[in-house]
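Me: Can you walk me through this one? I'd like to start with the backbone and then go to the pockets.
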Amino acid sequence: MSNKRNLRIYLMLLIVMAILILISGVIRPATLKISHLVEIVRQSVPLGIAAVGQAAVILTGGIDLSVPATITMTNIIITRLMQGIESTTTLVVLLVLLIGAGIGAVNGYFISKFKVPPMVMTFAMSYLIRGGYMVFSGGTPKGSVSPSIRYIGSGRLYGIPFSVILYIAILFFIFVFILNSTRWGKSIYYIGNNKKAAIYSGIPYELRIILTYTFSSVMSIIAGLILSGYIGVASYNIGIGYDLDSIAAVVVSGITFTGIGSLVGAPIGALIITLVNSVLTSMGIFEPAKLITQGSIILIMVSLYGKGN
């Protein structure tokens, strides 16, 4: 039943994508060029990566509101420490990945051990992260990324954005090896579907929740690295909107808070959100109308999923 539901939703998402591309093509024929479509995929990469992490959390019945703060923190730290110097890249990237893992582990620990509601815990964590990177930057973001990080975010390999190639490699590793070959990958669905039954069946609930939030934070760090590579400099605004957009991408893909759905849908949901934004921009629609339109589309799609069930 679950597989049939997922296939039905993926088919619906593909139809929606085709309609959005056609609408965009009617408004601006140049948007039907392969180069433009590849650019849309490139734009969806950071959101897709963040959405995969968010999806894992939502499948367990939780939510991660610290995503935008974690993305911005990544940018502030790497630009300040790298200062455009290549030799710093490896150590700085390892540092932010470790910090991200620590943030996720703390989120997961307090949520699973002390029963702090996920929304409250991750919201509070976002404030802690913001305060931390503001102190670290002295109130003024400064610095730039190294050439290799710049290449990851904006470079091309044989005409294809390198970030897209990296994105495909990351998704392949997650979907093929982590989800199918680890106990954690299989257990996130059980926990969201029936927490008590999962615990009684011997699944180490606290450890799985800690790993899930750690995974989400690390994915946010990777999204932050790619975004930072694209803009090249420090910015307090780089992560704005990634909390709601990542949740929207997950919900649009048919993933629920009760362990129903599949992580595979998250990147497709991210592409839908990016496409919608692109089409609305090409139509010259102002930001308030964009938000209303995006919200309406999400509501309609989710309602259709519910009807099908």
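Reply: Terms first: buried means under 20% relative accessible area, exposed over 50%, and partly exposed in between (1.4 Å probe, protein chains only). This is a predicted model, where local features need pLDDT of at least 70, side-chain atom pairs count only at pLDDT 80 or more, and totals for chains, interfaces and linings use all residues. Residues are numbered from 1 along each chain as its sequence is written, and side-chain values use heavy atoms, with hydrogens and water left out.

Me: OK. Where does Q83 sit?
Reply: Q83 is in the loop between α3 (67-82) and α4 (89-113). Helices (H or I, at least four residues) and strands (E, at least two) are DSSP runs, numbered from the N terminus. The phi of Q83 is positive, near 50°, and the residue is not a glycine.

Me: And is Q83 buried, exposed or partly exposed?
Reply: Q83 is partly exposed, at a relative accessible area of 42%.

Me: What about Y158, what is its phi?
Reply: Near 55°, again a positive value in a residue other than glycine. Y158 lies in the loop between β1 (156-157) and β2 (160-161). Y158 is exposed, with a relative accessible area of 80%.

Me: Switching to helices. Why call α11 largely enclosed?
Reply: Because eight of the eleven residues of α11 (residues 242-252) are buried. Among them are Y242, D243, S246 and I247. Just after α11, G254 has a positive phi of about 90°.

Me: Now pockets. What volume does the largest pocket have?
Reply: About 750 Å³. On a 1 Å grid over the protein atoms alone, a pocket is an open set of points where a 1.4 Å probe fits, with protein on both sides within 12 Å along at least five of seven lines; lining residues have an atom within 4 Å of a point. Grid points are joined across faces, edges and corners, and a volume is the space filled by probe spheres set on the points.

Me: Which residues lie nearest its centre?
Reply: L47, Y242, D245, I273 and N277, out of 28 lining residues. α2 (34-59), α10 (205-231), α11, α12 (265-282) and α13 (287-308) each supply at least two residues of that lining.

Me: And the second largest pocket, how much space lies in it?
Reply: About 240 Å³. Of its 14 lining residues, V16, I19, L20, I23 and I297 are the closest to the centre. α1 (2-27), α12 and α13 each supply at least two lining residues there.
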